[in-house]
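Open the structure in your viewer and keep the selection tool at hand. Each stop below gives something to select and then says what is there.

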Amino acid sequence: MAEGLLPAERRSEFLPGDGEPVYLPELGSAIHAYLARSGARLMLVQIEDVAGESEQANLPGTDNEHPNWRRRLPCHIEDLIAGPEMARVAALVNAARQQAASG
């Protein structure tokens, strides 16, 4: 099975149940591969996904409830861009784009 594809029998693992929805890096990879295989000419990956952030980047609320647009990445951007996770996501997206173009 190609990287980024999520087998049908595992999809229920990521659906909301008793608690919060489960968002694992494996699901993120499947979402990125799915979007990369779309017919869109442009596809973006949110830097927080590459950094492994689990909280949404901009949540509604006041500055006391959630400091919108002020969250810092867990590492320097230069380290993130040069790191193995960025290379993995870029390779996954590139492979999915090529697969879509040839199929």
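**Before you start.** This is a predicted model, in which local features need pLDDT of at least 70, side-chain atom pairs count only at pLDDT 80 or more, and totals for chains, interfaces and linings use all residues. Residues are numbered from 1 along each chain as its sequence is written, and side-chain values use heavy atoms, with hydrogens and water left out.

**Stop 1: the whole protein.** Show the cartoon. The protein has four helices and zero strands, in the order α-α-α-α from the N terminus. Helices (H or I, at least four residues) and strands (E, at least two) are DSSP runs, numbered from the N terminus.

Accessible areas come from the Shrake-Rupley method with a 1.4 Å probe; for residues, only the protein chains shown count as cover. Of the 103 residues, 21% count as buried. Buried means under 20% relative accessible area, exposed over 50%, and partly exposed in between (1.4 Å probe, protein chains only).

**Stop 2: the core.** Select Ala33, Ala36, Met43, Val50, Leu80, Val89, Leu92, Val93 and Ala96. These nine residues make up the largest nonpolar core. Such a core is a set of buried Ala, Val, Leu, Ile, Met, Phe, Trp, Tyr and Cys residues joined through side-chain atoms within 4.5 Å. Which elements give two or more residues to this core? They are α1 (25–36) and α4 (84–102). Helix α4 gives the most, with four residues.

**Stop 3: the charged pair.** Stay on α4 and select Glu85 and Arg88, which both lie in this helix, three residues apart, about one turn. Side chains of opposite charge can pair when their charged atoms come close. Arg88 forms a salt bridge with Glu85, with the closest N and O atoms 2.7 Å apart. A salt bridge is a side-chain nitrogen of Lys or Arg within 4 Å of a carboxyl oxygen of Asp or Glu. The structure holds one salt bridge. Are its two residues buried or partly exposed? Arg88 counts as partly exposed because its relative accessibility is 27%, and Glu85 counts as partly exposed at 28%.

**Stop 4: the surface patch.** Select Tyr23, Ile31, Tyr34 and Leu35. They make a nonpolar surface patch of about 410 Å². Patches are made of residues with over 30% relative accessible area and no salt bridge: like charges are joined within 9 Å, nonpolar side chains (Val, Leu, Ile, Met, Phe, Trp, Tyr) within 5 Å. Leu35 lies in helix α1 and counts as partly exposed, at 36% relative accessibility.
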